[in-house]
Amino acid sequence: MENLEEKTRYILKKYGISANKSLGQNFLINQQVVDNIIEASEISEEDLIIEIGPGLGTLTESLLECAGKVIAIELDERMIKILKDRFFMYENFEIINDDVLKVDLAELIKKEKSENNLKNVKIVANLPYYITTPIIMKLLEEELDIQSITVMIQKEVADRLIAIPGEEYTGAITYSVYYYAEAESIMIVEKNSFIPEPEVQSKVIKLKIRKEPIADLKNKDLFFKIIKTSFMQRRKTLINALVNGGIFKDKVQAKLIFEKLGFDVNIRGEKLSIQDYAKLCEALQ
Ligand code: SAM
């Protein structure tokens, strides 16, 4: 069956199921988007691909053709039967029926790399939109042994994730992503590329994990705590946000440190670069 929309409707009908909105199920029906995701992921036979939320297997089918191994992590049990039926002939396929947030990915990757002689690990997914941020933060913060993350997410969230700190769309999460990865926008995807249609436009992005840290951090926890606190009260100046959030003892201490670092005392959090926050963190230690 050539047409992806027909194929998707056929599978749904055959198994008598419909999309579960609370699991963020929007099935991809645009072959061009599938092809672009695969191309952007730069997959080889030496790669282990971890696919999050394979659903009916639309991306999985193409992934299996080019990867050394594909491990698909899917929460919805109904999808497991479909995936098993569709791909039983592939020896390089494994399914984990679990919530991706509960899976020990570090252990999984370690085991797969040593047992199957796979060189690189890449994450590819059309993510469930209700937990996009926790999933991406888990993938980054656990400092997994992975090369890249190519994902489709809501356009608005994507723009924040791939922004350059200090420029348009900067949020606290922009700094986290920028610290761990180099981000790239791949394509915008319209709502009619899915069934059912989501309420918002989507975007495919690629995060290439940095091999060398972009800032020298002595205390990573404090660094990210300062950034989170800076963005909790976006309308306030950075000094006020950090005093109210308990990062500084009081305004006197804050002003002293700001002057020493050469920061404008009226500056807002989103104007600082990642290196500026690193300096602030160091001065606070
Ligand atoms: N990859 C398919 C596609 O492109 O058509 C489906 C993508 S759909 C947007 C998201 C998928 O993630 C669904 O199959 C859903 O059941 C699954 N999912 C939702 N929450 C999950 C979780 N916590 N862990 C793993 N998979 C999850």
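The points below go from the basis of the model to the ligand, and then to single residues.

1. Basis. This is a predicted model, in which local features need pLDDT of at least 70 and side-chain atom pairs count only at pLDDT 80 or more, while totals for chains, interfaces and linings use all residues. Residues are numbered from 1 along each chain as its sequence is written, and side-chain values use heavy atoms, with hydrogens and water left out.

2. Overall build. The chain holds 12 helices and nine strands, where helices (H or I, at least four residues) and strands (E, at least two) are DSSP runs numbered from the N terminus. Taken along the principal axes, the C-alpha atoms fill a box of roughly 70 × 40 × 30 Å. Of the 285 residues, 51% count as buried; buried means under 20% relative accessible area, exposed over 50%, and partly exposed in between, with a 1.4 Å probe and protein chains only.

3. Shell of the ligand. The ligand is surrounded by 22 residues, and the closest are Q25, G53, E74, N126 and Y130; a residue is near a molecule if one of its heavy atoms lies within 4 Å of it. By class, this shell has 11 nonpolar, six polar and five charged residues, on a scheme in which Ala, Val, Leu, Ile, Met, Phe, Trp, Tyr, Cys and Pro count as nonpolar, Asp, Glu, Lys and Arg as charged, and the others, Gly among them, as polar.

4. Which residue has an N or O atom in its side chain 2.8 Å from a nitrogen atom of the ligand? That residue is Y130, whereas V100 and L75 take part through the backbone: an N or O atom of V100 lies 3.0 Å from a nitrogen atom of the ligand, and one of L75 lies 3.4 Å from a nitrogen atom of the ligand. A polar contact here is a pair of N or O atoms within 3.5 Å; within protein, one must be able to donate a hydrogen and the other to accept it, and residues adjacent in sequence count only if both atoms are side-chain atoms.

5. Taken alone the ligand exposes 590 Å², and the protein buries 100% of that, with accessible areas from the Shrake-Rupley method and a 1.4 Å probe. The space taken by the ligand is the largest cavity, a cavity being a set of points, on a 1 Å grid over the protein atoms alone, where a 1.4 Å probe fits but cannot get out. A molecule sits in a cavity if more than half of its atoms lie within 2 Å of its grid points. The elements that give two or more residues to the shell around the ligand are β1 (27–28) and β3 (69–74).

6. Strand β5. N126 belongs to strand β5 (residues 120–126), and its side chain reaches the backbone oxygen of N26 at 3.4 Å. N126 counts as buried because its relative accessibility is 13%. I123 is also found in β5 and is buried, with a relative accessible area of 1%; its C-alpha atom is 9.6 Å from that of L207, 84 residues apart along the chain.

7. Backbone geometry to check. A cis peptide bond joins I195 and P196, with omega about -15°, and P196 is placed in the loop between β8 (194–195) and β9 (202–209). Phi is positive in E42, near 45°, and in Y169, near 70°, each being a residue other than glycine. E42 lies in the loop between α2 (31–41) and β2 (47–52) and counts as exposed at 53% relative accessibility. Y169 lies in the loop between α7 (155–161) and α8 (172–180) and counts as partly exposed at 47%.

8. Separations along the chain. Q154, in strand β6 (residues 148–154), is buried because its relative accessible area is 16%, and its C-alpha atom is separated by 6.1 Å from that of Q201, 47 residues apart along the chain. I95, in strand β4 (residues 93–97), is partly exposed at 21% relative accessibility, and its C-alpha atom is separated by 23 Å from that of R9, 86 residues apart along the chain. N219, in the loop between β9 and α9 (220–232), is partly exposed, with a relative accessible area of 25%; the C-alpha atoms of N219 and G55, 164 residues apart along the chain, are separated by 39 Å.

Definitions and conventions: 1 Å grid on protein atoms, 1.4 Å probe; cavity = no way out; pocket = protein on both sides within 12 Å on 5 of 7 lines; lining within 4 Å.
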